[in-house]
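Please keep the sequence and the 3D view side by side while you read.

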Amino acid sequence: AGDQSNAEEMQETDPEYFGSSDQQRLQMRADHLWHLLRDNPEYTCHGRVVGLAEYSEDNLEKQIALARLQGAAPLDGLPREHLETRRAALERAGLVTDVYDHWEGAAATFGAADDILSKRELPADLNACAISADTTIDDLRNLDRLAQSCDVFLPMGAFLRGLQRPSVFLYAKDQDGRVVGAAAAVAQFHDAHEKSGMVWWGMLTTDARRRGEGIALVLGAMVLRDVRQKLGLSQCFTGIRTGNLPSEAVCSKLALSRTNTVDLLAINPDSFGGGQITK
């Protein structure tokens, strides 16, 4: 009953926070914090939580503060040689940590996307839709249901709609209007940051009943095509948990490569109940 009332409270506050009740509260805190920090190139956000744009020896306390304020705080592209030191420091501060391998793609990735789209398309019964300012809340809620069924955390509505940072969010609907697949990219770095030409890419999701049809691969390639054509960018990154072989296979087909860096998430167990935010 508590989770239901919390979820209803979030929907009354802003109907475009998504995920579990814990995740909705996380997004609400991140939303408010982003309004304070979005003009500072040290910080970044693709719609889930505000994080640090890069590693430095001096920003440990900032990551701790972000995690305590929001419930979680990511640091993307942490050099692997600094992982154990940073992770130990976060855990000494009472935080839980979660680690993803950091994969990146550049010109070869966008070329691979073009090649895939020249040979493959979505199944004939599916239509690809792009999220915009006019997308209905019903479609977003259907997308949220799909994301939760795949243990994926859907970003907040202002980012889905491209109102906070340039973005591409595509989803596939079947003839009954059911959302069965999705992929996304957000230009999450401040325009003044050296990584401003790189987008976060991912959120690949497929309805369990439609897996094996290449939906995630095609949607992921379509997003990359739109990133280049509509946003004018041609670098991307994503985080993959070690051992997530399906995600690794899709990334390999799109010529992304595992780097010698990681994405390190600090989680405050006092304000976010789970040990991980998304798979």
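Which residue in E9 does Met198 stand opposite? In this predicted model, the residue that Met198 faces in E9 is Gln235.

- Met198 lies in strand E8, which covers residues 198–206.
- Met198 counts as buried because its relative accessibility is 9%, and the cut-off for buried is under 20%.
- Leaving aside residues up to four places away in sequence, Met198 touches Glu104, Ala187, Phe189, Gln235, Cys236 and Phe237, so the residue that stands opposite Met198 in E9, Gln235, is also among its contacts, where contact means heavy atoms within 4.5 Å.
- Between Met198 and Ile277, which are 79 residues apart along the chain, the C-alpha atoms are separated by 23 Å.

**Strand E9 and its partners**
- Strands E8 and E9 run parallel and are joined by three bridges.
- Strand E4 (residues 96–105) and strand E9 (residues 235–240) run antiparallel, and five bridges join them.

**The protein as a whole**
- The secondary structure comprises nine helices and 10 strands.
- The radius of gyration is 18 Å, which agrees with a compact globule, because a globule of 279 residues would have a value near 19 Å.
- Of the 279 residues in the protein, 52% are buried.
- Among contacts with a separation of 6 or more, 70% are between residues 24 or more positions apart.
- The protein exposes about 12,200 Å², and carbon and sulfur atoms supply 47% of that area.

**Confidence in the model**
- The average pLDDT of the protein is 93, and 93% of the residues score at least 70.
- Over residues 1–13, however, the pLDDT is below 50, and this stretch has 13 contacts in the model beyond near neighbours in sequence.
- Where pLDDT is low, the predicted coordinates should not be read in detail.

Conventions:
Residues numbered from 1 in each chain as written. Predicted model: local features only at pLDDT ≥ 70, side-chain atom pairs only at ≥ 80, totals over all residues. Heavy atoms only, no water. Helix = DSSP H or I, 4+ residues; strand = E, 2+ residues; numbered from the N terminus. Buried < 20%, exposed > 50% of the residue type's maximum accessible area, 1.4 Å probe, protein only. Pairing = 2+ DSSP bridges. Rg over C-alpha atoms; globule rule 2.2 N^0.38 Å. Areas by Shrake-Rupley, 256 points an atom, 1.4 Å probe, with all protein chains shown as cover. pLDDT = per-residue confidence, 0-100.
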